[in-house]
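Please keep the sequence and the 3D view side by side while reading.

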Amino acid sequence: MNSSKNSRITNEGIEKALAWLSSLRGGVCILIHKNADPDAAASAFALSYLIKYLTSSKATISLIAPEGLEAVSKRVIEALNLLNFVDVKCISKGKVECAYQVVIDTASTSQLGEFSNILRNYMVLDHHEVNTLIDSANILLYDPKRKSSSEIVFMVIEHLLRKSGDSIPKEILTALIAGILYDTKYLRLADDVTFEIMAKLLKLGGDYAHAIAILSAKKKLDYSERVARIKGAMRAGLYKVNDLLMVVTCIGAHESSVLKLLLDAGADIALAIAAKKNKGTRIIIRTTNEVVKHLGFPLAAELARELGECMKGSGGGHASAAGVYVEEFKPESFIKVLTEFFRSRGLNLKIIDEGRWLNECGD
């Protein structure tokens with residue numbers, strides 16, 4: 001079922017969420033999406049801090065980050081020493097048990113991997129245009145009009161602060177600033193509400209300059225990422241969608257970095273098919289905001305959902321960035337879905353150069 005509801009954050013919804021969070025005892029799992037970005041990481045740490053505050057540390061929190069965190073997310077956590085402010089156990093694989101779950105910045109079960117099977121009594125906090133988790137959630141803080149999950153977490157914190165008058169550590173506030181900056185592409189995607197929230201974060205003590213410095217710190221690409229980028233470019237197939245250029249590649253690691261390279265090289269739409277893992281295949285989709293505006297629909301999110309529905313999987317995400325996990329990947333079926341997807345929207349897909357991805361991702 002499509003879950004792109006016209007939802008928004010209300011005081012009533014926040015009160016309900018705070019009451020639920022305050023009641024938590026024992027094991028609590030906070031889950032974020034695979035290869036989590038700074039928005040997901042900042043939101044998770046900020047909410048973990050909030051849960052500890054609300055429950056007087058009677059809740060034991062496990063932060064579930066399937067397949068780990070993006071390098072920049074790790075940099076944010078380390079630079080702000082967030083583990084000193086939030087006592088959480090970080091888990092990326094293996095078994096875990098918890099009576100309650102909070103799913104943050106995640107649009108589908110495929111983004112949770114093996115941990116999707118622990119969802120029972122859960123809350124969703126998210127802002128993606130397409131989300132297939134919200135219909136079964138016990139508690140919901142969902143607004144697809146918000147530009148980041150960090151904004152939604154701050155709304156909850158602000159609501160609480162108005163009542164308690166307490167303060168929030170500068171490090172947590174700065175992490176939320178970093179999360180917002182990352183997901184809004186340094187405020188290029190921000191709206192009036194985003195700027196209002198940013199101003200409040202600064203007034204409360206958040207350090208904007210430090211957040212910028214952490215995110216923009218130059219770090220030499222490691223060997224594996226450089227290899228992945230070169231392989232991804234060498235394997236790429238080139239297609240034309242009306243007047244747009246689309247590339248498809250096959251790579252088993254650093255997919256986001258590879259897609260960024262391809263977009264920087266001139267592609268309008270870029271897709272990476274990850275090497276098969278656990279009897280399934282992950283497909284990552286990226287495009288530019290200019291393309292989304294040109295087409296007039298959330299391309300990446302809708303394509304992820306279509307691929308999931310047609311290839312026995314699930315997917316979701318943003319207008320320009322999304323992902324899908326499918327059980328049965330066959331190149332010919334994949335191209336057929338792409339062709340039909342674009343055709344249904346008045347666009348024609350044509351092959352310019354199939355490239356090597358078919359050999360790498362084929363059976």
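## Terms and basis

A residue is called buried if its relative accessible area is under 20%, exposed if over 50%, and partly exposed in between, using a 1.4 Å probe and protein chains only. The model is predicted, so local features need pLDDT of at least 70 and side-chain atom pairs count only at pLDDT 80 or more, while totals for chains, interfaces and linings use all residues. Residues are numbered from 1 along each chain as its sequence is written, and side-chain values use heavy atoms, with hydrogens and water left out.

## Aromatic pairs

Rings of Phe, Tyr and Trp (its six-membered ring) pair if their centres lie within 6.5 Å, and planes under 30 degrees apart count as stacked, over 60 as edge-to-face and the rest as tilted. Five aromatic pairs are found in a search of the whole structure.

Why is the pair of Phe329 and Phe334 tilted? Their planes stand at 50 degrees, with the ring centres 5.4 Å apart, so the pair is tilted. Phe329 is buried, with a relative accessible area of 4%, and Phe334 is buried at 0%.

## Around Ser108

Ser108 is also buried, at 0% relative accessibility. Leaving aside neighbours within four places in sequence, Ser108 is in contact (heavy atoms within 4.5 Å) with Thr132, Leu133, Ser314, Gly315 and Gly316.
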